[in-house]
Structure formats: C-alpha cells, structure tokens
Amino acid sequence: MSTAMNFSSKSFQPRPPDKGSFPLDHFGECTAFKERFMKCLKEKGFDNSKCRMQSKEYLECRMDHQLMTKEPLEKLGFKDLKDSSPKQANGNTKL
C-alpha cells in the first residue's frame, strides 16, 4: 500500500536553511576560491591552520553570493586577520 502525500496544501510554508547548513554553489561562483583552499590544504598536509587566508576568502565569497548567512569575520574565527577585502579568483583585489 502507498500513502498519498499532499504537497500542494496551503499549510506548507518553505523556510530558510537552518544555521550551519551549507547550500551548494550551483553556479560555481566561488569555485576558484574553493580550489585555492583545497590546493593549500593538500600542500600543507591538510593542516587548515596554515590555510586560514584562503579559508577566509572562500567564506567571504560565499557570504557575498548569499550562499551563507553574513557573519562578522571575528565570529568565524578570523579576528586576527585584519585585511577583510575579498579577492577575485585571479588574486587581484576587488574594486
């Protein structure tokens, strides 16, 4: 037997993702940042403390493209990294 589910009901209200969820980057807007971060991790023996700048840039890209909630960098563990200007994928600073 199957159970019928009525998804067209008016009572269903979509809601934003829970805090901590990480939506996929379907359009690849932050792929270059992710690749630089992953390359750094591989080169540094997966010691993420040595790739903090790349991690920060990746998270800034995700926040800039609404792929995650905007948070102060201090709250994400980057209090000691003063330069908060995001860089483009080719390494140049944004204008």
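Start by selecting D47, which is partly exposed because its relative accessible area is 27% (buried means under 20% relative accessible area, exposed over 50%, partly exposed in between, with a 1.4 Å probe and protein chains only). K50 counts as exposed because its relative accessibility is 51%.

Before going on, a word about what is on your screen. This is a predicted model, in which local features need pLDDT of at least 70 and side-chain atom pairs count only at pLDDT 80 or more, while totals for chains, interfaces and linings use all residues. Residues are numbered from 1 along each chain as its sequence is written, and side-chain values use heavy atoms, with hydrogens and water left out.

How many salt bridges does the structure hold? There are 8. Side chains of opposite charge can pair when their charged atoms come close.

Select K34 and E35 next: their side chains form a salt bridge at 3.7 Å, N to O. K34 is partly exposed at 33% relative accessibility, and E35 is partly exposed at 45%.

Then pick R36 and E57, another salt bridge, with the closest N and O atoms 3.5 Å apart. This pair links distant parts of the chain, since R36 belongs to helix α1 and E57 to helix α2, 21 residues apart (helices are DSSP runs of H or I, at least four residues, and are numbered from the N terminus).

**Along helix α2**

Select residues 52-64 to show helix α2. Its 13 residues should span 18 Å at 1.5 Å a residue, and the end C-alpha atoms are 18 Å apart, so the two agree (the expected span is 1.5 Å times one less than the number of residues).

Which residues of α2 are buried? Colour S55, K56, E57, Y58, L59, E60, C61, R62 and M63 to see them. Now show α1, residues 31-43, which is included in what covers these buried residues.

Zoom in on R62, which sits in α2. R62 is buried yet has no salt bridge, and the nearest side chain of opposite charge, D25, is 5.1 Å away (Lys and Arg count as positive and Asp and Glu as negative, while His and the chain ends are not counted). Leaving out residues up to four places away in sequence, R62 touches F22, P23, D25, C30, L67 and M68 (contact means heavy atoms within 4.5 Å).

**The cores**

Select L59, M63, M68, L73, F78 and L81: these 6 residues make up the largest nonpolar core (a nonpolar core is a set of buried Ala, Val, Leu, Ile, Met, Phe, Trp, Tyr and Cys residues joined through side-chain atoms within 4.5 Å). A second, separate core has 5 residues, among them C30, F33, C61 and L67.

Go back to L81 and display what is around it. Apart from its neighbours within four places in sequence, L81 is in contact with R52, M53 and K56.

**Two positive phi angles**

Move to the loop between α1 and α2 and select F46. Phi of F46 is near 60°, a positive value in a residue other than glycine. F46 counts as exposed because its relative accessibility is 56%.

Where is Q66? Look in the segment after α2. Q66 also has a positive phi, near 55°, and is exposed, with a relative accessible area of 65%.

**Last stops**

Stay in the segment after α2 and select K79. K79 counts as exposed at 60% relative accessibility. Not counting residues up to four places away in sequence, K79 touches L73 and E74.

Finally, select residues 30-63, where UniProt places the feature "domain: CHCH" in an unreviewed entry (UniProt positions are given in the numbering used here, feature names are shortened, and annotations may be inferred rather than shown by experiment). The span is 74% helix and 0% strand, and its end C-alpha atoms lie 10 Å apart.

Definitions and conventions. Salt bridge = Lys/Arg side-chain N within 4 Å of Asp/Glu carboxyl O.
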